[in-house]
Amino acid sequence: MAQWFTDSFRAEFDRQAEVMGRFNLAIFGKTGVGKSTLLNAVFGENVAPTGIGEPVTKGSHLYLGHRGQLGIVDTQGLEVGRDDKVLLKDLDALVTQQRRKPIAEQVHVAWYCVRGMDRRFEEAEAEFIRRIDKLGLPVIVVFTQVPAQLDNGVPNYHPDAVQLARYVESLQLPIVGGRPFMTNAVRDQFTGQSVHGLIDLMQATFQVAPEAVHSALAASQQVDLGAKAREARKAITTAAAGSAAAAASPIPFSDAAMLVPIQLGMMARIAQIYQLKFERAAMLAVASTSAATVGGRAAFTNLLKLIPGAGTVAGGAISAGVASTFTFAMGQAWLAVCQQLIAGRLKGLDGVIDAKAVQDLFNAEFRKRVPGIRHKDS
């Protein structure tokens, strides 16, 4: 039965990856502005090299690299301000071609990067941004490598970067928020300069990205854990509603396994949002639901027995309310497990994940959300 559970979870894990699709970001800026450093800081180490992949169309100077739920459209060998006509022609062809494709294949947002301390922003750059906007792509201007002093967590930016930002604002460009977003992607161990601005950048990106790719964006980025939690809670709410619909006509308690695909899908989607590898996610799921000791479908049935009124005698029935409550509690408990794992709090002294700690956390969080829940030994 444990093998049944793993196989079923694998199928849902792969399905959710496909359903979530991909968030595609186009990134521009002059050589040396720190695009790769920014991408790696936001989306994880070694993401930037994926930007040099296959040409997006034959003869194009735009290259698409993708990994999981993230796609990066980048340039190779061409310079903004020098090769604008070629770049814009290629981008126009790409956007036009992709509009006929599913949303996961389209470019969703453009970042235009400027080194914040360069003290100059050329008219060619402004015109490039205007042309991107005319193609229908929302443009976020990102100032990179901006020094700042933090005062109670609030950054005071270097005066030169502030002055340049004011100049860009005065141009009234069609950019998100009407202003540049100040960032510093990597802490400087010699000067003590801290990382800042990445969450603000991500929130602006979520604001203009199509809602259909929010889950993919939340999964691919690594800096805004709140965004991951919000998307995970959406998955929980959807699964709880689906469970209620499945039990709209009360189902026999012995048939509770019909809820399992909904719950496995929910758990798999949350695992994808937190970018857990399948092997680790499956191990956590087994430990959380006691599938290793209870066995497959019976694991969910045993959890259901903890809910008063769920149907504890032969012929009992599960109502829509019970099914929804159970699925919601299960989702919140699973979310807590994923969050604690990412925070590094579920490992033993040997660095290996503590299965008992996982199960104890899951059960404790599950009980919190079900009023009057019974303990397993009652």
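Me: Buried means under 20% relative accessible area, exposed over 50%, and partly exposed in between (1.4 Å probe, protein chains only). What is the relative accessible area of C113?

Reply: This is a predicted model, in which local features need pLDDT of at least 70 and side-chain atom pairs count only at pLDDT 80 or more, while totals for chains, interfaces and linings use all residues. Residues are numbered from 1 along each chain as its sequence is written, and side-chain values use heavy atoms, with hydrogens and water left out. C113 counts as buried because its relative accessible area is 1%.

Me: How many disulfides does the count come to?

Reply: C338 is a buried cysteine, because its relative accessibility is 0%. A disulfide needs two cysteine sulfur atoms within 2.5 Å. By this rule the number of disulfides is zero.

Me: How many residues does the second, separate core have?

Reply: In the largest core, W334 is one of the residues that touch the most other members. Setting aside neighbours within four places in sequence, W334 is in contact (heavy atoms within 4.5 Å) with M267, I270, A271, A281, L284, A285, S288 and F362. The second core is separate and includes L94, A110, V114 and F128, and its residue count is 33.

Me: How far apart in space are D354 and L284, C-alpha to C-alpha?

Reply: D354 sits in the loop between α13 and α14. D354 is partly exposed because its relative accessible area is 33%. In sequence, D354 and L284 are 70 residues apart, and their C-alpha separation in space is 9.6 Å.

Me: How many residues of β4 are buried?

Reply: From β4 (residues 70–75), L70, I72 and D74 point one way. G71, V73 and T75 point the other way, and these residues of both sets are buried. Of the six residues of β4, the number buried is six.

Me: Which residue in the turn between β3 and β4 has a positive phi?

Reply: Strands pair if DSSP finds at least two bridges between them. Strand β1 (residues 23–29) runs parallel to β4 with four bridges, and L25 has I72 as its bridge partner in β4. Strand β3 (residues 62–67) runs antiparallel to β4 with six bridges, L62 being partnered by T75. β3 and β4 form a hairpin with two residues between them, and the turn residue with a phi of about 60° is G68.

Me: What is the relative accessibility of Q145?

Reply: Q145 lies in the loop between β6 (139–144) and β7 (148–151). Its phi is near 55°, a positive value in a residue other than glycine. Q145 counts as partly exposed because its relative accessibility is 34%.

Me: What is the relative accessibility of Q172?

Reply: Q172 is in the loop between α5 (159–170) and β9 (181–182). Although not a glycine, Q172 has a positive phi of about 50°. Q172 counts as exposed because its relative accessibility is 71%.

Conventions
Core = buried A, V, L, I, M, F, W, Y, C linked by side-chain atoms within 4.5 Å.
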